[in-house]
Amino acid sequence: MDASGSPHPELSRRLKSRQLAMIGIGGAIGTGLFLGSTLAISNAGPATIVAYILCGLVAMVIAWALAEMVVVHPEAGAFGAIAHRYLGGWAGFVVRWTYWAGQVIAVGGEVIAAGIYLQYWWPQLPLWIPVVLFSAVILVVNAVTVSFFGSLEYWFSMIKVTAIAVFVVLGFVLIFFGLPGQPATGFGNLASHGGFLPNGIGGLGLAMIFSLFSYIGTEVVSVTAAESKDPVRDIPRAARKMVLRIGFFYVLAIVVIVSIVPWTVAAQGGSLESSPFVKVFAAANIPAAAGIMNFVVITAALSSANTNLYVTTRMAHSLALHRLAPAWMGRLTVTGVPRNALALSAVGMAIAAVLSAQSKSQAYLVIFGISIFAAIVVWILIMLSHFAFRLRRRQQGLPPSPVRLLGAPVTSGVTTVFLVAVLVSTFFVPGLDPAWEFGIPFFVLLLLVYGALRLRPGRTVAPVEETA
């Protein structure tokens with residue numbers, strides 16, 4: 001029973017369509033675009049534009065496949081519950097715990113990033129202080145009503161979207177017309193320093209890996225289905241808007257970056273001052289450009305952490321409903337918030353606080369490797385769930401979903417092959433090898449735990465209710 005006394009706890013349906021789209025953007029656009037896109041550019045040069053376009057199409061397929069399934073099954077756990085239904089209990093267990101672990105680590109990473117950016121203004125400030133303060137604020141936001149969370153995340157994401165939009169507009173003005181004291185750059189940089197594809201197809205392939213990471217989080221919209229006022233109407237609309245906006249902003253932002261700044265220079269980024277965003281704003285004679293971008297990047301990190309904490313909480317709650325986690329994780333407050341699951345999901349921020357108080361730790365490398373591996377595996381299982389979803393409904397003579405992924409199963413098949421290729425590629429990329437080193441044992445552990453749960457006397461996995 002939940003705190004309200006209901007024997008069948010239900011999440012509160014209070015999220016609106018505009019909030020759903022912004023929540024998706026909040027989960028997907030973190031600090032990667034502002035400071036991390038240099039990893040992709042360093043491998044593919046100007047051809048990074050192609051990498052972001054192709055990965056954007058992959059994200060669109062995944063988001064639309066999820067929308068097709070979620071409008072039929074708008075239940076807690078989203079793609080985790082759907083994998084449970086169509087692939088089996090083991091898949092529901094693995095997908096949800098995998099996604100939970102990966103996003104919990106991502107939350108801790110974004111909070112640490114926000115603390116580091118705050119040190120731009122106060123370099124003597126111990127890192128653990130902002131990490132603890134930011135973590136406390138995010139916990140409070142997630143502990144109150146979901147409508148409050150949705151409203152705050154809407155404005156958090158709006159700041160990011162506005163900053164990127166202004167950057168793109170100023171960037172194209174600088175490219176075509178120039179700015180005071182800055183002549184028009186044109187598109188000459190796209191063909192200089194080795195050409196459009198300076199490192200060949202291999203470099204483009206490596207850029208695909210880093211570009212794909214930028215889109216991870218687009219699946220967040222499907223998790224909100226259980227708290228949407230009208231999931232059949234709102235989820236497809238929000239998924240379309242969210243992916244189009246993210247793809248549009250990512251691609252145009254990358255075009256601006258590699259056009260204005262030679263890719264060899266952009267690839268050296270990493271500090272705030274070297275960020276192409278700061279350079280464009282400074283060229284437009286905007287006072288305190290670096291300070292403004294620092295505020296935007298902090299907001300981006302906190303927005304991503306806020307959304308990902310929301311998602312992990314709902315995943316943990318869903319696991320409890322299917323008896324794949326302790327029952328206390330499924331209890332709700334009178335306002336419909338799974339606060340016990342929220343408390344457990346805060347472990348990533350607790351780890352972040354501990355690590356931020358230490359000068360060196362290998363623990364974060366381990367869990368970061370798991371999170372990278374986990375994200376791609378979850379996407380692959382989502383696509384496999386979509387295959388099974390289509391097949392079973394056809395076999396049972398059920399009507400098709402109100403939302404249909406165009407070109408399936410060809411589009412979904414190509415996407416699945418692409419994701420498998422990217423996953424295998426991470427094994428050969430220096431710095432990403434922990435993804436396999438720790439990812440495989442993690443999945444083996446999950447399967448062993450699931451087997452133990454199934455064999456435990458008196459312990460059964462709750463079935464997923466059948467719905468049309």
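How many helices and how many strands does the secondary structure of the protein chain come to? After that, I would like a close look at helix α7 (residues 128–143).

Mentor: This is a predicted model, in which local features need pLDDT of at least 70 and side-chain atom pairs count only at pLDDT 80 or more, while totals for chains, interfaces and linings use all residues. Residues are numbered from 1 along each chain as its sequence is written, and side-chain values use heavy atoms, with hydrogens and water left out.

The protein chain has 19 helices and zero strands, where helices are DSSP runs of H or I with at least four residues, strands are runs of E with at least two, and numbering starts from the N terminus. Of its 468 residues, 59% count as buried, a word for under 20% relative accessible area, with over 50% called exposed and values in between partly exposed (1.4 Å probe, protein chains only).

Now to α7. Two packed helices are described by the angle between their axes and the distance between the axes; here the axes are lines fitted to C-alpha atoms over the stretch in contact, and angles run from 0 to 180 degrees between N-to-C directions.

With helix α6 (residues 89–118), α7 has axes that come within 8 Å and cross at roughly 130°. Because of that angle, α6 is oblique to α7; angles under 35 degrees are roughly parallel, over 145 roughly antiparallel, 65 to 115 roughly perpendicular, and the rest oblique. On the α6 side, Val-111, Ile-112, Ala-114, Gly-115 and Leu-118 meet Pro-130, Val-131, Phe-134, Ser-135 and Ile-138 of α7, contact meaning heavy atoms within 4.5 Å. By class, this contact has eight nonpolar, two polar and no charged residues; Ala, Val, Leu, Ile, Met, Phe, Trp, Tyr, Cys and Pro count as nonpolar, Asp, Glu, Lys and Arg as charged, and the others, Gly among them, as polar.

With helix α14 (residues 289–321), the axes of α7 come within 10 Å and cross at roughly 45°, which means that α7 is oblique to α14. Here Phe-134, Ile-138, Leu-139, Val-141 and Asn-142 of α7 touch Ile-298, Leu-302, Ala-305, Asn-306, Leu-309 and Tyr-310 of α14. These residues divide into nine nonpolar, two polar and no charged.

Trp-128 lies 5.3 Å from Ala-357, C-alpha to C-alpha, although the two are 229 residues apart in sequence. Ala-357 sits in the loop between α16 (347–356) and α17 (363–395), and Ala-357 counts as exposed because its relative accessibility is 54%.
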